[in-house]
Amino acid sequence: MRPGPDYCKLILFLLFPIFLHAQYSYEFSSMSGLMVSHSKITDNLNLRKSLGLQSTVLWKLPPNNSTIPTQSSSNYRYLGFSIYGMDMGDGFLNGNKTTRQQLTGMGIGAGGMMIAGANIHINNSSSKNDLRIQCGFGPMLVTKYYNPVTNPLNQAIGSTLNFGSQLKGQFLHQINKSSTFTAGLELFHVSNSNLQKPNNGLNYFQASVGWMQKLHETVSHQTNMNDKSYKDRCYYIGKSSEQLASPFQVSFRMAYRKYRADYPVYYPVWILEADYGFSNKKSYVGKTSTEQGSLPKGEWRIGFDLFHENAATATSVNGTLMSIDPRWELGLYGRRVFRVGFVDIFIDLGTYLIPPKADRIKLLQKNKRLYNSFGTQYRISKNVFLIYRMKAHYHVADYLEMGLIGRL
């Protein structure tokens, strides 16, 4: 029996990352777990069983991200690209066909994400075991979302376009020189960042097992490293100067959200940010790449977020007119930045100096005092970054911000 065209498409989709050049290793894994509801609104989806497949390629990062080390290290950071497909709780693990037809439709999800992580070798050099911790974030498409007529009980997902985030811990056991067995636990979250209502999101606690294949060996011969035509395909190589942060940075970003489900009010949010970084840049100024050693892998920053929400008006389905006044909010935040090559991952925790208004707190499920966020920034040049940040109030997404950072 020959596989159908849909299965062939799925296989090609999951194998796509292996055709990317310059990768260090390739991992193929399966994942399965339970959806855990974090809201009374989505209690009808609680404990749905999930099943999925994930395909990932990884690039090692050298210690200072500018030169290939002469000796390969078992402890290293890495970047990666991953694509995945999963049933959202509609699969055969939830019962026979008749049983599943009675459940709220969740559909199938598929997406891609940037991966960043660290590999930690266990015990001595002869050990074959490693631990890994990694995170990922990227766009995700979902086939069955909220529809007031055809799918009214799916209050978790309100649109086709969503964003998936993953936090994973893994155990690795080397089978032979090039093959490794992997097993891990992960938290997977999906929501649409308030691009559409409803947006209560889904959380999945999952276990994964997989197989990793090393695609390229690390070359440590000095003669090859001095050859300009040589490029070690295991590593992502970046400029060391781009790893040194400026004390002062400014950022301008924009978000776009829907206010309420019963009023189709869409409006932009503008964010102006200024921060100061505490890093050890001075210890590396004026030194060559061979003198400076390992560059800092992260830094702490503190700054202010100024949020402005535009005024908007809309008419409900019954003809009622609603008007939203312009709003200002001001936040003070602390940020931890983790450097992983040309990509930085950061986590923010902030408090409002000018808090949201009472109606926003109730209708948008905001917290009056605290907000948190997770984001990524990409280097366009030494002094310009592309940034996106997911702002939330605990587990409730507020909106997705996108914009630019400039170093002063």
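User: Where does S159 lie, to start with?

Analyst: S159 lies in the loop between strand 5 and strand 6 (161-174); strands (E, at least two residues) and helices (H or I, at least four) are DSSP runs, numbered from the N terminus. Bear in mind that this is a predicted model: local features need pLDDT of at least 70, side-chain atom pairs count only at pLDDT 80 or more, and totals for chains, interfaces and linings use all residues. Residues are numbered from 1 along each chain as its sequence is written, and side-chain values use heavy atoms, with hydrogens and water left out.

User: Thanks! Is S159 buried or exposed?

Analyst: S159 is buried, with a relative accessible area of 11%. Buried means under 20%, exposed over 50% and partly exposed in between, with a 1.4 Å probe and protein chains only.

User: What does the side chain of S159 reach?

Analyst: The backbone oxygen of L161, at 2.8 Å. The S159 side chain also makes a polar contact of 3.1 Å with the side chain of N192. A polar contact is a pair of N or O atoms within 3.5 Å; within protein, one must be able to donate a hydrogen and the other to accept it, and residues adjacent in sequence count only if both atoms are side-chain atoms.

User: Switching topic: how many strands are in the closed barrel?

Analyst: The closed barrel has 8 strands, running 1-2-3-4-5-6-7-8 with antiparallel pairing. Strands pair if DSSP finds at least two bridges between them. Strand 4 (residues 108-121) and strand 5 (residues 129-142), for instance, pair over 11 bridges.

User: Which residue is the bridge partner of M114?

Analyst: F137, in strand 5. F137 also belongs to a cluster linked by ring pairs, along with F163, F374, Y378 and Y388.

User: Nice. How many aromatic pairs does a search of the whole structure find?

Analyst: The search finds 12. In Y24 and Y76, the ring centres are 6.1 Å apart and the planes are at 80°, so that pair is edge-to-face. Y24 is in the loop between helix 1 (5-15) and strand 1 (25-35), while Y76 is in strand 3 (residues 76-87), so the pair links distant parts of the chain, 52 residues apart. Rings of Phe, Tyr and Trp (its six-membered ring) pair with centres within 6.5 Å; planes under 30 degrees apart are stacked, over 60 edge-to-face and the rest tilted.

User: Are those two tyrosines buried or exposed?

Analyst: Y24 counts as buried at 9% relative accessibility, and Y76 counts as buried at 11%.
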